[in-house]
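Here is a brief report on one structure.

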Amino acid sequence: MENFWFSSNVTERVIGAAYYLPSNPLESHMEDGWNYMNNHFSRFQIACWGSLLVHEVAFVLLNLPLFVAQFVPFLQRYKVQTDKPESYVDQWKALKLIMFSHVFIDTPFTCGTYVFTEFFNIPFSWESMPCWYSIVGYIFLCLVVEDTWHYFLHRIMHDKRFYKHCHKIHHTFQAPFSIAAEYAHPLETFILGMGTMWGILFFANHLVLIWAWAVARMLESYDVHSGYEFPFNPLHLIPFYAGTRFHDFHHKNFHGNYSSTFTWWDKLFGTDVQYKQFIEKQQVDKEK
Ligand SMILES: [Zn+2]
Ligand SMILES: [Zn+2]
């Protein structure tokens, strides 16, 4: 069975995807590397072990600079909650649960990539790979879908009847640090993780998009939990991007700012009112 969106070319028409970039040395190296992978490994190995490798390598490479930031005095001026520095105890506590989640939840979830790619006959070849701006467009659509799912499910998780059974664990840290993004009850990892899947279920037209989306979602999630609002952060070029300060306030205040990536749902439902007041007060205090 083919992916409906792929087979009907709807997304190509919507985004105006083109399939080839002008050749350049970097592209030629990437092509050689990609073809080597396809020629030496089976689709099962690439979808399962390749996806796991992408996930774990991205986890280390994206978190490492944010972890190192706590040891650089110059960067402390960008820390959002300056009165709550990172502690080794908290970071070790988070890492232990995250390792458990990676082995028992993320690994079977990620290996499901093989079932998905076979069921929808998702291509792996270099020739069928969408161009970079098509991938960027799809990632934006996936972010919109995930953010919508996240907003409503996150609000439900804050309901008194459910909160203590599940979402309370994610709120252990009032001043989050990057890996705290994944510090959650296994049920929450599963439920909110579904939001990461919906977009790709509709838009996936190549393995590279599945991998690019996984990395993009991890990057966004670590960034908003990093505890640092760095200037010149390229993620702030994304229209309506919420950013670190926005989600940091959710951890600090507990109420409001339920979205993961964008600000529009909180604006629409007025759940960013306390955040706006807080920012205004901060501004006034600064001017005094
Ligand atoms: Zn919450
Ligand atoms: Zn959080």
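## A buried glutamine

Q81 is buried, at 4% relative accessibility. Buried means under 20% relative accessible area, exposed over 50%, partly exposed in between (1.4 Å probe, protein chains only). Q81 sits in the loop between α4 (43-68) and α5 (88-119). Helices are DSSP runs (H or I, at least four residues), numbered from the N terminus.

The side chains of Q81 and D248 make a polar contact of 2.4 Å. Such a contact is a pair of N or O atoms within 3.5 Å; within protein, one must be able to donate a hydrogen and the other to accept it, and residues adjacent in sequence count only if both atoms are side-chain atoms. Leaving out residues up to four places away in sequence, Q81 touches Q174, A175, P176, D248 and K252. Here contact means heavy atoms within 4.5 Å.

## Zinc site

The zinc ion (ligand 1) is coordinated through NE2 of H154, H158, H167, H171 and H250, at 2.0 to 2.2 Å. Donors are N, O and S atoms within 2.8 Å of the metal (3.2 Å for Na, K and Ca); water is not among the atoms, so sites may look incomplete.

The donor spacing is H-x3-H-x8-H-x3-H-x78-H. H167 lies in the loop between α7 (160-163) and α8 (186-203), and H250 in helix α10 (residues 243-253), 83 residues apart. H167 is buried at 1%. H250 is buried at 0%.

## Cysteines

The disulfide count is zero, with a pair defined by sulfur atoms of cysteines within 2.5 Å. For C48, the nearest cysteine sulfur is that of C111, 3.8 Å away. C48 is buried at 3%.

## Basis

The model is predicted: local features need pLDDT of at least 70, side-chain atom pairs count only at pLDDT 80 or more, and totals for chains, interfaces and linings use all residues. Residues are numbered from 1 along each chain as its sequence is written, chains are lettered from A and ligands numbered from 1 in the order in which they are written, and side-chain values use heavy atoms, with hydrogens and water left out.

Definitions and conventions
Helix = DSSP H or I, 4+ residues; strand = E, 2+ residues; numbered from the N terminus.
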